[in-house]
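Welcome! Here is a short tour for anyone opening this structure for the first time.

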Amino acid sequence: MGVSNLLFAVMLAVALGFFARSARRLNRWLNIGHDEVRTDHPDQRTKNFLLIGLGQSKILRDPVGGMMHALVFWGFCVLGLGTLEIMIQGLYTPFTWDVMLPRFLYLPYVVSQEIFAVFVLIPVAYLLYRRLVIKPKRFAEVSGADAVFILSMIATLMLTLLLLFVMELRTGASPDGRIISGLLLPLFSGVSPETAHVVARVSWWTHAALILYFLNHLPGSKHLHVLTSLINVWFSNTSGPGRIGAMRPMDLEAENAEQFGASDVEHLSWKNLLDGYSCTECGRCTAVCPANSTGKLLSPRMIVVKTRARLTEKATTLDAIAAGGGTATEEQTAVLAKNLLDDWITEEELWACTSCRACVQECPVSIDQLDIINELRRDLVLMESRFPEELAPALTSLERNGSPWAFSASDRAQWAEGMDIPTMAELVEKGEKADILFWVGCMGSFDDRAKKITVAFARILQAANVRFAILGQEETCHGDPARRMGNEYLYQMLAKGVIETLDGYHVKTIVTFCPHCFHQMGSEFPDIGGNYEVIHHTDYIERLLEAGRVPLDTEHGERLKVAYHDSCYLGRYNDIYDAPRNALKRALPIMELVEPPRTKSRGMCCGAGGGRMWMEENVGKRVNVERSEELLATGADQIAVACPFCMTMITDGVASAGSSVPVLDISEVVASRLLPIVARA
């Protein structure tokens with residue numbers, strides 16, 4: 001081993017030692033959060049890892065910036081083999097992969113190192129240009145200094161690597177296959193072989209030193225995501241069929257439980273804290289947030305950034321106290337007395353959230369910003385009874401009347417008068433059974449506009465000769481609004497009551513036109529013992545239409561241009577985008593379906609979720625007005641929805657825009673095309 005090898009060995013040992021210390025510290029800080037198991041559904045986790053992690057499928061949702069980042073990522077994956085070669089050469093100079101790989105593999109390796117160095121250099125140049133010149137709005141919220149520094153470092157790594165290859169070619173020490181170096185070599189024709197050798201060694205040492213510095217810069221910067229993002233994708237809580245967007249289960253009867261929800265970082269899970277490590281601060285989540293885009297204080301990115309900042313603040317203070325013998329100074333005590341809630345994240349930010357999951361959908365590294373918001377809301381409501389006064393009537397009515405509105409349960413089936421629709425109790429009394437339970441929901445039972453949807457869907461079921469029944473006055477709210485507002489206790493009380501009723505009738509299949517009911521009963525009830533096949537009415541209508549069971553007049557009528565608004569709880573929560581559109585196309589074959597700019601998984605929320613249905617918007621532009629204007633801008637003759645909450649919000653938004661364009665539910669569109677003989681029945 002020569003002097004240079006010895007020097008490099010010392011550098012490598014020191015760099016790895018510092019990195020190991022940083023890694024242990026970061027892992028120790030993660031343990032401040034509570035434990036949770038995330039090894040279920042390994043097949044789905046592997047799929048996420050391959051598609052989202054290695055395949056960069058989410059980051060590619062931005063066709064330009066996403067592709068640039070993906071090229072950098074894939075470039076580093078390929079160049080990793082060359083980096084390992086350089087590290088080994090630092091310890092043993094003659095080493096090359098040529099001695100390890102057969103010729104048919106070594107040549108592609110040599111070519112790949114040059115090509116991917118260029119593939120990284122070009123997007124890095126673009127990303128620097130975007131940061132320094134274009135300056136997208138979503139970058140304004142946080143400092144970009146570290147990003148510029150990292151991009152400059154990556155560019156230097158690529159340039160020193162290419163310079164090394166060219167100089168090796170100039171000295172005759174380069175292996176065959178150096179295509180890019182061969183193209184660049186004429187630029188250095190005046191460099192002597194001796195000088196080229198010196199430049200090659202300087203380039204090698206610069207490149208190797210930068211790699212070791214880069215390794216130790218990452219743990220203390222926002223670019224820590226380079227090391228943690230793939231891990232974060234594997235452990236993401238989007239794993240598991242039918243579990244997208246399901247809120248974290250909570251055991252309210254746990255022994256010695258003193259905290260419900262989260263007020264500080266130790267009340268969050270280690271995965272929530274890993275989300276903070278993995279945040280790239282790209283701002284995609286904030287850019288698609290309906291609250292933020294309409295002028296509210298909420299920024300999903302800052303929810304995660306503030307969580308990471310509070311973890312760093314608290315963890316470093318605890319480390320300092322431990323290093324000082326366990327006695328805290330007055331200043332350290334003050335730091336520990338702070339909370340993530342209030343001191344870092346305000347109530348106003350939390351209550352602005354519509355729970356639409358646009359932020360989670362858009363995050364390229366599978367961070368769940370909404371999970372943190374939900375846990376903080378739970379603490380506000382369960383631990384401190386702090387929530388907007390506007391929500392008090394809805395919560396009180398849920399507890400007293402089994403619905404968010406002060407209607408009597410005896411009025412739940414008034415919409416069905418004269419329609420000859422049986423209740424489950426009546427069928428049991430007759431010894432008969434229903435194929436499905438039509439879950440009407442609170443909106444469909446009490447809201448005058450939503451009751452028209454209820455009637456329309458019931459008419460479709462009758463026209464298709466489906467044997468169905470309703471619960472009537474036995475139906476009560478399943479508690480989803482209370483859960484999204486943070487009142488887990490009220491949610492579980494209501495949900496368990498509904499499950500008891502359903503199980504009492506041995507219900508197997510439920511059809512509902514409310515996506516909130518659909519999601520809650522299908523995706524979240526299993527956590528508390530309710531297991532049913534739950535179908536959204538658009539999916540059920542599509543099945544009936546495909547089977548030819550619904551007699552429709554598909555030959556007459558004026559040609560219409562229809563815009564469909566995607567429900568968040570149907571789309572991003574349950575990945576149902578095609579069924580509503582297919583139902584529309586089958587019911588109106590002469591229809592032209594037009595899409596607004598934000599559609600399907602990129603669709604904009606109507607503004608009603610997360611308890612916002614019962615709250616006024618006093619800051620910025622109203623979300624429903626923003627969305628309605630976007631739908632109207634398509635020039636549509638009608639707007640179609642598939643959710644009673646969306647119906648209310650979009651109808652109000654259209655009216656606010658001074659438009660008379662009708663807003664209809666999918667079932668109303670289909671029911672309007674029923675053959676006259678069926679319609680009279």
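Let us begin with a pair of helices: α2 (residues 42-54) packs against α8 (residues 225-234) at an angle of about 145 degrees, and their axes are 7 Å apart. Please keep in mind that this is a predicted model.

**Helices α2 and α8**

- On the α2 side, the residues that meet α8 are P42, R45, T46, N48, F49, I52, G53 and L54.
- Their partners on the α8 side are L230, V233 and W234.
- Sorted by class, the residues of this contact of α2 with α8 are 7 nonpolar, 3 polar and 1 charged.

**Helices α1 and α9**

- Helix α1 (residues 3-30) packs with helix α9 (residues 270-278), with about 135 degrees between them and 9 Å between their axes.
- At that angle, α1 counts as oblique to α9.
- Which residues of α1 meet α9? They are L26, W29 and L30, and in α9 they meet W270, L273, L274 and Y277.
- The residues of the contact of α1 with α9 comprise 7 nonpolar, no polar and no charged.

**The sheet with β1 to β4**

- Here 4 strands make an open sheet with parallel pairing, and their order is β2-β1-β3-β4.
- The edges are held by β2 (468-469) and β4 (533-536); each has a single partner strand, so one side of each is left without a neighbour in the sheet.
- Strand β3 (residues 509-512) runs parallel to β4, and 4 bridges join the two.
- To find this pairing on screen, look for V511, which stands opposite I535 in β4.
- Helix α24 lies across β1 (436-439), β3 and β4, and runs at about 160 degrees to β4.

**The sheet with β5 to β8**

- Another open sheet is formed by 4 strands in the order β6-β5-β7-β8, with parallel pairing.
- Its edge strands are β6 (592-594) and β8 (663-665), each of which pairs on one side only.
- From one strand to the next, the twist averages 35 degrees.
- Strand β5 (residues 561-564) is joined to β6 by 3 bridges, and the two run parallel.
- A handy place to look is V562, whose bridge partner in β6 is L593.
- Helix α26 (residues 578-587) lies across β5, β6 and β7 (638-641), and runs at about 165 degrees to β5.

**Cavities**

- How many cavities of 30 Å³ or more does a search of the whole structure find? The search finds 7.
- The largest cavity holds about 120 Å³ of space.
- Its lining is made up of 15 residues, and those nearest the centre are C442, H478, P481, C517 and F645.
- Two or more residues of the lining come from each of α20 (441-446), α22 (480-485) and α24 (515-524).
- Among the elements, α20 gives the most to the lining of the largest cavity, with 3 residues.
- The lining of the largest cavity divides by class into 10 nonpolar, 4 polar and 1 charged residues.

Terms used. Residues numbered from 1 in each chain as written. Predicted model: local features only at pLDDT ≥ 70, side-chain atom pairs only at ≥ 80, totals over all residues. Heavy atoms only, no water. 1 Å grid on protein atoms, 1.4 Å probe; cavity = no way out; pocket = protein on both sides within 12 Å on 5 of 7 lines; lining within 4 Å. Points joined across faces, edges and corners; volume = space filled by probe spheres on them. Nonpolar A, V, L, I, M, F, W, Y, C, P; charged D, E, K, R; others polar. Axes fitted to C-alpha atoms, helices over the stretch in contact; angles between N-to-C directions. Parallel < 35°, antiparallel > 145°, perpendicular 65-115°, else oblique. Contact = heavy atoms within 4.5 Å. Pairing = 2+ DSSP bridges.
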